[in-house]
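Q: Hey, I'm new to this one and would like a quick tour. Could you take my questions as they come?

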Amino acid sequence: MELARVLFIAMISAFIGYITNILAVKSIFRPFEPIKLGPLSFQGLIPKRKGDLAKKFSLLVRDDLLDREDLIDQLISKEDEKEFVKFLSERIDNIIEENTTLLPTALRNMIIKAADGKMNKEAPKIFEEFKGVAQMQIREKMDVATLIENKINELDLNVIEELVLKVAGRELRAIEFLGLVMGFVIGLVQGVISTYVL
């Protein structure tokens, strides 16, 4: 009879621990809208602090993971110079062809060849100038932190919940199960103490 009492207390404690942890995990997201109980108000952690979380996360990304210089290096690289020169050369050739249709073909080809030679010589310098202007524009106009913060704030709470559950669903279920185990162990100790010691 005493063993049954100890096991009963352990089972009730396990159930309480499990339900408590399920509620704790659910309260990360739910309820989305505040629930008022008299002077008290309750809302899920993420819905309540979404703006603060977005701000802090965006600053973390900007300061520790990705800054403007990283983006600039990815957006405008040395490999882009070839594409830039090709594009510029083709545009100049087209402009020459369109505006010299009355000239003999041989003369037109000489002009195109001369322009291509000059372009190939000047292109690296032109590209560096273009790159400098583009980098300056990116530095002045791009704010990584604000961009990320706005994107997070635009996300629907259901989408955020789905994302977190996709990433950490197994761990959150482990937390719920841990409540069951801890509740059982605590209940077992409590049952032993109340039955055999007191």
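This is a predicted model: local features need pLDDT of at least 70, side-chain atom pairs count only at pLDDT 80 or more; totals for chains, interfaces and linings use all residues.

Q: Got it. Where does Glu149 lie, and is Glu149 buried or exposed?
A: Glu149 lies in helix H6. Its relative accessibility is 17%, so Glu149 counts as buried, the cut-off being under 20%.

Q: What other residues of helix H6 are buried?
A: Besides Glu149, the list has Val144, Ala145, Ile148 and Ile152, in a helix that covers residues 144–154. Looking down the axis of H6, you'd find its buried residues within an arc of 125 degrees, so they line one face of the helix.

Q: Why would residues a few places apart point the same way in an α-helix?
A: An α-helix has 3.6 residues a turn, so residues three or four places apart end up pointing the same way.

Q: And which residues are exposed on the other side of H6?
A: Lys151 and Glu154 are exposed there.

Q: What do the buried residues of H6 pack against?
A: They pack against three helices: H2 (45–65), H3 (68–75) and H7.

Q: OK, on to H7. Where does helix H7 run, with Glu161 in it?
A: Helix H7 takes in residues 157–197, and Glu161 has its place there.

Q: Is Glu161 buried or exposed?
A: Glu161 counts as buried because its relative accessibility is 12%, and buried means under 20%.

Q: What is Glu161 in contact with, leaving aside its neighbours within four places in sequence?
A: Phe29, Arg30 and Phe32.

Q: What's the peptide bond like from Arg30 to Pro31?
A: That bond is cis, and its omega is near -5 degrees. For context, most peptide bonds are trans.

Q: Where is Pro31 found?
A: Pro31 sits in the loop between helix H1 (2–26) and strand E1 (35–37).

Q: What share of the contacts in the whole chain with a separation of 6 or more comes from residues 24 or more positions apart?
A: Such residues account for 73% of those contacts.

Q: Let's zoom out. How many helices and strands does the chain have?
A: The protein chain has 7 helices and 2 strands. Starting at the N terminus, the elements go α-β-β-α-α-α-α-α-α.

Q: What does the radius of gyration look like against a compact globule?
A: A compact globule of 198 residues would come out near 16 Å, but this chain has 33 Å. Along the principal axes, the C-alpha trace spans about 115 × 40 × 25 Å.

Q: How much of the chain do buried residues make up?
A: Buried residues are 28% of the 198 residues. The accessible surface comes to about 14300 Å², and 65% of that belongs to carbon and sulfur atoms.

Q: Last one: how far apart are the mean positions of the positive and negative charges?
A: They are 3 Å apart, for 27 positive and 30 negative charges.

How values were computed
Residues are numbered from 1 along each chain as its sequence is written. Side-chain values use heavy atoms; hydrogens and water are left out. Helices (H or I, at least four residues) and strands (E, at least two) are DSSP runs, numbered from the N terminus. The radius of gyration is taken over C-alpha atoms; the globule rule is 2.2 Å times the number of residues to the power 0.38. Buried means under 20% relative accessible area, exposed over 50%, partly exposed in between (1.4 Å probe, protein chains only). Contact means heavy atoms within 4.5 Å. Accessible areas come from the Shrake-Rupley method with a 1.4 Å probe; for residues, only the protein chains shown count as cover. Lys and Arg count as positive and Asp and Glu as negative; His and the chain ends are not counted. The place of a charge is taken as NZ of Lys, CZ of Arg, CG of Asp or CD of Glu. The arc is that of the directions from the helix axis to the C-beta atoms.
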